[in-house]
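Work through the exercises below with the sequence and the 3D structure open. Try each task before reading its solution.

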Amino acid sequence: MRRLLLAALVAFTVAPLATLATPASTPLDLDTVMANPDWIGQAVESPYWSVDGRNLYYSLKRDGSPLRDLYRVDPATGQGAKLDPAALAQADGPAVFDRTHRHAAFILHGDVFVVDLQSGRRRQLTRTPQDESAPRFSADGRALQFRDGNDWYSHDLASGVTAPAAVLKFADDPQAKQPDALGERQLELFKTLRQLKADKQAKRDEEQALAAADPGRAPLPFFLGDKITPVDSELSPDGRWLLLVTAPKGYEAGKAPTLAHYVTDSGYLEPQEARVYVGRNDPAPQSLLLLDLANHQSYPLATDPLPGIHDDPLKDLRARAVAALQKAGKAEQAKALKAPERRAVRIVGSDDDGGGGGIAWSDDSRQLAIQLRAIDNKDRWIASVDFARHALVPQQRLTDPAWINWNFNDFGWLKDGRTLWYLSEQTGWSQLYVKPLDGKAKALTTGRFEVSHPQLSADGQWFYLRTNRVAPYSYDVYRVPSAGGELARVTHYQGMDDFALSPDGTQLAVLHSAPYLLPQLAVQPSAGGTPRELTSTMKAAFSAHDWIAPKIVEVPSSHGAGGIWAKYYGPADEGASPKPAVIFVHGAGYLQNVTLSWSHYFREQMFHNLLVSQGYVVLDMDYRASEGYGRAWRTAIYRQMGHPELEDLLDGKAWLVKNHHVDPRRVGIYGGSYGGFMTEMALLRAPGEFAVGAALRPVSDWTLYNHEYTSNILNDPQLDPDAFKASSPIEYADQLQDPLLIEHGLIDDNVLAEDSIRLYQRFIELHKKNFWISLYPLERHGFVHADAWYDEYRRIDELFDTYVKPVK
């Protein structure tokens, strides 16, 4: 197998972390592999253009610190430098522009700045302890709008006056309170009380009249009642309307479990409340309020017009669950499962802390689009708003009998302000569509590949996007005319991670990487052309190693799934003698690890190099449920997590045996998070197939995981208990016969350590043998300390050395 000797990139610019001298490659060891990754170099992060388009900014993590430094580089010359505190104070932030491109605005250290692009004059508009966000220019370009939490402000560029766009009071209007019978009797009896009430009303009428006639006054407050709480808000560019997303105040999410910190600064055990289990209570339903700021009126936007909003996509499951509960004499629990008359929804991208993403105003404020998702996970709607009727108008419905993806929900408006664009998996693959409000949708891209990260050029002529059109594992920037036309390739990296258009639309800043190359920054013409590399942040000690280039292979499925893409690691000369193997299972479930980019699992990739040097071969598979392969691949695990994926892993083992002389009795398996879950499912549902398994921070019982992830795939445990039983390793604990090592961080607030401890207790009660647990007091879900990484993988290495490497 071909080996890759990774050379450092030619340094066109500042190379803040690169070392000029390249030492000779030294033998790889576990201490090196699991050391603090600063020895590798630093990834280029968060690139953005300066307001004048002449420079690029990007961030780099400091060695030995979590802090990030900001760098600036001239893409024309490649010259750049790290910004000191004085230079940092004069830096730009990611900018937005007015329609005439005369002004730019950005957020820097949480405050709002505006720049006159003709004169270069820069003004700071706020200096507050809170963080402002979301700057944008008004439709007429005369004001700059920004938000502080869910409160919006407008800064008049000519006068320099900043004022709230609306004042929201989540309380009852004290002057709108109507007297009860006793109060009415008081008013009948006492003319002074009647006069006082009339005076209050007169004052209120006067305030309303003055506010309507004098735009220089602060707006009157909206009293919205004390039964709701704000979740998100979006101001129209003309300042006329405010869309408010709300949730019921005091909504009970359910009892939260507690995890314990044993090693603390105080020396005492410190408890921490964790997230709520799936099924304890659904997330809070959300509602929409449209506020007319000019006429001081509020209008609820009902969801009744949405197609399917009154349906029950879980009707059959619900009927079975209700019947089972009634048969068991649990009438109250059966009653609680009654289907709602109207399905609850949440705004896509919104959460209890705000966040947005599901609301889009057209630039001229004449149109508003909202993206909603059913809490039961089966539908996503895009609706526009009829301002005359104060009603939602359905524009697109995406429905899925399994679940709507949490990715591929980008949407917005073309520059005409009458045409929507959006991503949708309606064909089974994420593609880009446009739809006039009164017309039919048109696909701008089609095919068996994924489209993401759409960016509309400033002139509205092009969409730039990220896609794996060439091969599932190969990503680059493409562009397509917004009016329709050819999808054309712009970059040729095959490992493209992100990109940013220059303000004038002529240049493209590109973050790209490779299996042994951290994300680096380059610039090239946006229409395509030769790139200029701008950074070189790899360290010589890492680059000097003779790393094994992962060979991307397609493993045939014996279960009708087609091909399963995987990365294979093996020696250059394999020979014909039987050899041991390890199968690695990536985490997150919906994650793609078989790519030509830098991997989130870079430590594991180095560990695989070490395993090969010890005589193993390694296979890393994008099993079913992985990202990048379309909707059917993603939803194959609906109501049966761990079943299709295990079929794919067993096919991977068979492929190793057939093609690489692997001894079928000497195959180990390991992985973390979802990969840990799959390791447990492999040993417990296919006993005897794997010689040993190491499950890192695994989910062992899906009833203990969170709602947001789990209910998509398994519904709720009250409604679909069979899915949870079929999908949870603890239900198969009696099948354990192969050695199993479990490793878990004790302060993991994602997959709680109790998940592994409960399975461990189950093995104890079943009198099982050859199972171990290793707990890490100072680690959460993603380990951060080199000592813990080393100990974790030392145990895995010894496990394989004991149970996989020796000839049986």
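**Exercise 1.** What span should the 16 residues of helix α10 have at 1.5 Å a residue, and how far apart are its end C-alpha atoms?

Solution. This is a predicted model, in which local features need pLDDT of at least 70, side-chain atom pairs count only at pLDDT 80 or more, and totals for chains, interfaces and linings use all residues. Residues are numbered from 1 along each chain as its sequence is written, and side-chain values use heavy atoms, with hydrogens and water left out.

Step 1. Helices (H or I, at least four residues) and strands (E, at least two) are DSSP runs, numbered from the N terminus; α10 covers residues 644-659.
Step 2. The expected span is 1.5 Å times one less than the number of residues, so α10 should span 22 Å.
Step 3. The end C-alpha atoms of α10 are 22 Å apart, which agrees.
Step 4. After α10 comes His-661, with a positive phi near 55°.

**Exercise 2.** Which residues in α10 are buried?

Solution. Buried means under 20% relative accessible area, exposed over 50%, and partly exposed in between (1.4 Å probe, protein chains only). The buried residues of α10 are Pro-644, Glu-645, Leu-646, Asp-648, Leu-649, Asp-651, Gly-652, Lys-653, Trp-655 and Leu-656.

**Exercise 3.** Classify the ring pairs Tyr-516 with Phe-542 and Trp-772 with Tyr-803, and place each ring in the chain.

Solution. Rings of Phe, Tyr and Trp (its six-membered ring) pair if their centres lie within 6.5 Å; planes under 30 degrees apart count as stacked, over 60 as edge-to-face and the rest as tilted.

Step 1. The structure holds 40 aromatic pairs.
Step 2. For Tyr-516 and Phe-542 the ring centres are 6.5 Å apart and the planes are at 40°, so this pair is tilted.
Step 3. Tyr-516 is in the loop between β36 (507-514) and β37 (517-525), whereas Phe-542 is in helix α7 (residues 540-543), 26 residues apart. Both Tyr-516 and Phe-542 are buried.
Step 4. For Trp-772 and Tyr-803 the centres are 6.2 Å apart and the planes are at 45°, so this pair is also tilted.
Step 5. Trp-772 belongs to strand β47 (residues 771-776) and Tyr-803 to helix α15 (residues 786-803), so the pair ties together parts 31 residues apart in sequence.
Step 6. Trp-772 is partly exposed at 33% relative accessible area, and Tyr-803 is partly exposed at 22%.

**Exercise 4.** How many residues has the largest nonpolar core, and which have the most contacts inside it?

Solution. Step 1. A nonpolar core is a set of buried Ala, Val, Leu, Ile, Met, Phe, Trp, Tyr and Cys residues joined through side-chain atoms within 4.5 Å.
Step 1. The largest has 68 residues, and Leu-619, Met-641, Leu-656, Tyr-674, Trp-702 and Phe-763 have the most contacts inside it.
Step 2. Helix α11 (residues 674-685) gives the largest share of this core, 7 residues.
Step 3. Another core, of 43 residues, lies apart from it and includes Ala-691, Val-692, Tyr-776 and Leu-799.
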